[in-house]
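Hi there,

Here is the structure I promised to pass on. Have a look at it first, and then read my notes below.

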Amino acid sequence: MPHIFIKSLKVGLLVILALIFTSSNSIEEKSDKKILVGGIYMLNIAGEREIKLEGTLNFETAIERSSNGKEYSVLKLFLNDGQELPVHSLGFFLSKQYQSMKIGDGRYEISENIEGFLNYFDGVFGFANINEFGELPFFAKNGAVTIDNIKDKILEGSIDVVFENINKESVAVTGNFIALRR
């Protein structure tokens with residue numbers, strides 16, 4: 001009789017330990033993450049206050065010629081909340097001199113000194129209009145846009161960028177996206 005009791009206690013203890021170890025981590029991870037589908041982004045913004053942005057996302061690519069005749073591969077990302085009067089909108093322009101390769105997978109750093117779009121540039125330009133932080137637009141100061149996978153109609157990646165407005169107020173934007181071609 002004591003032998004059956006000890007064996008039952010061991011099995012019960014193993015079952016309880018297995019439940020503790022498997023459930024504690026996976027429940028927290030699943031509740032904090034949503035599954036992204038095509039044309040959607042989820043971003044976290046840290047500034048004076050923290051907010052989450054969600055909305056629709058499209059992209060387009062092109063080979064464009066600068067005023068001095070050089071060709072540039074350009075990728076444009078358009079993010080907005082999908083409302084008639086947007087509460088927020090963001091945009092990113094990735095550009096690099098075209099040498100038989102279009103913009104593809106990789107990390108693209110924010111360009112600090114962009115003199116204008118007519119001359120084109122190598123790097124990333126970004127802007128953000130977020131009503132919750134006032135009427136002044138924000139421009140990307142540092143960070144990067146990472147492209148994890150680009151196909152004909154879908155682009156997957158992440159954003160880790162610090163934006164700043166003319167008053168030197170800054171917000172950090174981080175998150176993942178899946179964009180659909182326009």
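Across the whole structure, a search finds 6 salt bridges; the term means a side-chain nitrogen of Lys or Arg within 4 Å of a carboxyl oxygen of Asp or Glu. This is a predicted model, in which local features need pLDDT of at least 70, side-chain atom pairs count only at pLDDT 80 or more, and totals for chains, interfaces and linings use all residues. Residues are numbered from 1 along each chain as its sequence is written, and side-chain values use heavy atoms, with hydrogens and water left out.

One of the salt bridges joins Lys141 and Glu164 (3.6 Å, N to O). This pair links distant parts of the chain, 23 residues apart: Lys141 is in strand β7 and Glu164 in strand β8 (residues 154-164). Strands here are DSSP runs (E, at least two residues), numbered from the N terminus.

Glu164 also meets Lys168 in a salt bridge (3.6 Å, N to O), and Lys141, Glu164 and Lys168 are linked in a network. How accessible is each of these residues? Glu164 counts as buried at 17% relative accessibility, Lys141 as partly exposed at 39%, and Lys168 as exposed at 62%. Buried means under 20% relative accessible area, exposed over 50%, and partly exposed in between (1.4 Å probe, protein chains only).

Another salt bridge is formed by Glu64 and Lys76 (3.7 Å, N to O). Glu64 lies in strand β2 (residues 51-65) and Lys76 in strand β3 (residues 71-80), so the pair ties together parts that are 12 residues apart in sequence.

Happy exploring!

How values were computed. Helix = DSSP H or I, 4+ residues; strand = E, 2+ residues; numbered from the N terminus.
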